[in-house]
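User: I am new to this protein and would like to learn how to read its features one at a time. Could you take me through them, giving the general idea before each case?

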Amino acid sequence: MKDGYVSVTGGRVYYKKVGDGNKTPVIVLHGGPGGTHVPFFNLEKLGNDRPVIFYDQLGSGRSDKPDDLSLWHVSRFVEELGQIREALGLSQLHILGHSWGTMLAASYLLTKPEGVKSVIFSSPCLSAPQWERDQEVHLKQLPQDVQDILAKHEREGTTDSEEYKTAMKEFNKRFVYRLESKPKETETEYAKSNPVVYNTMWGPSEFCTTGNLKSFDVTKRLKEIQIPALFTCGRYDEAAPSTVEEQSRKLPGAKFHVYENSAHLAYLEEPEEYLRVVSEFLASAD
């Protein structure tokens, strides 16, 4: 394992390179915005075949956390990814993005970079308006009193209240993470998300979009991404399987897979199956 820092626009980002396999490296774009690479620790096992590059996007984890809100927009994160590739000499690579990381991956690929051999869209959000529509369906599956609490605080602008946060947990345990406990690795200080980045770009919750990603939608341009692609999601995912499958059809030859016992975090809920599906796809794309 090798780790260090790369200078990017706005500060320094932490990276970790694991594995000495001789196949094409894969870089992991974590979720959020404002999340960290830590929850993806199971993907270190891919290092038997190829180098795996993890990094904390600026504002997250072990990376610098500047106070400048103007840094938190898609184009700067796209620029950051290019700067990391250059600094680490990643002339050839695969990209695995999860959730917000798929927004970043798609935006980066639409700049037509050279040397990207494949992309994995893991529980993707490629249209924020469609995401909101899907969450409206999911919210209706919650108890009515929970729906009322969420709607009240969103209407009154009090989404920072404890009552709202408690009600959010009802949504999360159905559509984000269905297991009773999380691995100890995800409870460390460096695994904590940055709420400022999340709120600036997304909003107060997974189903309430008020940030600068509110109108994000690349679905009409997905056909421009002409490399092997895999779309995955959980059966109970907030990234609705019907939507993810429909989006996968917009890329010529793309593959689609559902993790039958997962919500949004299949890499933690079904780690062995997640690793198998990813490994087989990368091997085929090599």
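Predicted model: local features only at pLDDT ≥ 70, side-chain atom pairs only at ≥ 80, totals over all residues.

User: Which feature does UniProt place at residues 25-271?

Analyst: The UniProt record, an unreviewed entry, places "domain: AB hydrolase-1" there; UniProt positions are given in the numbering used here, feature names are shortened, and annotations may be inferred rather than shown by experiment. Over residues 25-271 the chain is 34% helix and 13% strand, and the end C-alpha atoms are 20 Å apart. Helices (H or I, at least four residues) and strands (E, at least two) are DSSP runs, numbered from the N terminus.

User: How should I read a nonpolar core, and which residues of the largest one touch the most other members?

Analyst: In soluble globular proteins, nonpolar side chains tend to be buried together. A nonpolar core is a set of buried Ala, Val, Leu, Ile, Met, Phe, Trp, Tyr and Cys residues joined through side-chain atoms within 4.5 Å, where buried means under 20% relative accessible area, exposed over 50%, and partly exposed in between (1.4 Å probe, protein chains only). The largest core here has 51 residues, and Ile 27, Ile 95, Val 119, Phe 121 and Ile 225 touch the most other members. Helix α2 (residues 100-109) gives the most to this core, with seven residues. Apart from it lies another core, of 36 residues, including Phe 40, Leu 96, Ile 120 and Leu 150.

User: What does Phe 121 touch?

Analyst: Contact means heavy atoms within 4.5 Å. Leaving out residues up to four places away in sequence, Phe 121 touches Gly 97, Thr 102, Ala 105, Ala 106, Leu 126, Ile 225, Leu 230, Phe 231, Thr 232 and Leu 251.

User: How do I describe two packed helices, and at what angle do α1 and α2 pack?

Analyst: Two packed helices are described by the angle between their axes and the distance between the axes. Axes are lines fitted to C-alpha atoms, for helices over the stretch in contact, and angles run from 0 to 180 degrees between N-to-C directions. Helix α1 (residues 74-88) packs against α2 at about 75°, with the axes 9 Å apart. Angles under 35 degrees count as roughly parallel, over 145 as roughly antiparallel, 65 to 115 as roughly perpendicular and the rest as oblique, and α1 and α2 are therefore roughly perpendicular to each other.

User: Which residues meet where α1 and α2 are in contact?

Analyst: From α1 come Val 74, Phe 77, Val 78, Leu 81, Gly 82 and Arg 85, and they meet Trp 100, Leu 104, Ser 107 and Tyr 108 in α2. These residues divide into seven nonpolar, two polar and one charged, with Ala, Val, Leu, Ile, Met, Phe, Trp, Tyr, Cys and Pro counted as nonpolar, Asp, Glu, Lys and Arg as charged, and the others, Gly among them, as polar. Ser 107 counts as buried, at 14% relative accessibility, and, leaving out residues up to four places away in sequence, touches Val 74, Val 78 and Phe 216.

User: What should I look for in the backbone angles?

Analyst: Most residues other than glycine have a negative phi, and most peptide bonds are trans. Here the peptide bond from Gly 32 to Pro 33 is cis, with omega near -5°, and Pro 33 sits in the loop between β3 (26-29) and β4. Lys 112, in the loop between α2 and β6 (116-122), has a positive phi near 60° and counts as partly exposed at 48% relative accessibility. Ser 123 has a positive phi of about 45°; this residue is found in the loop between β6 and α3 (128-139) and counts as buried at 2% relative accessibility.

Terms used:
Residues numbered from 1 in each chain as written. Heavy atoms only, no water.
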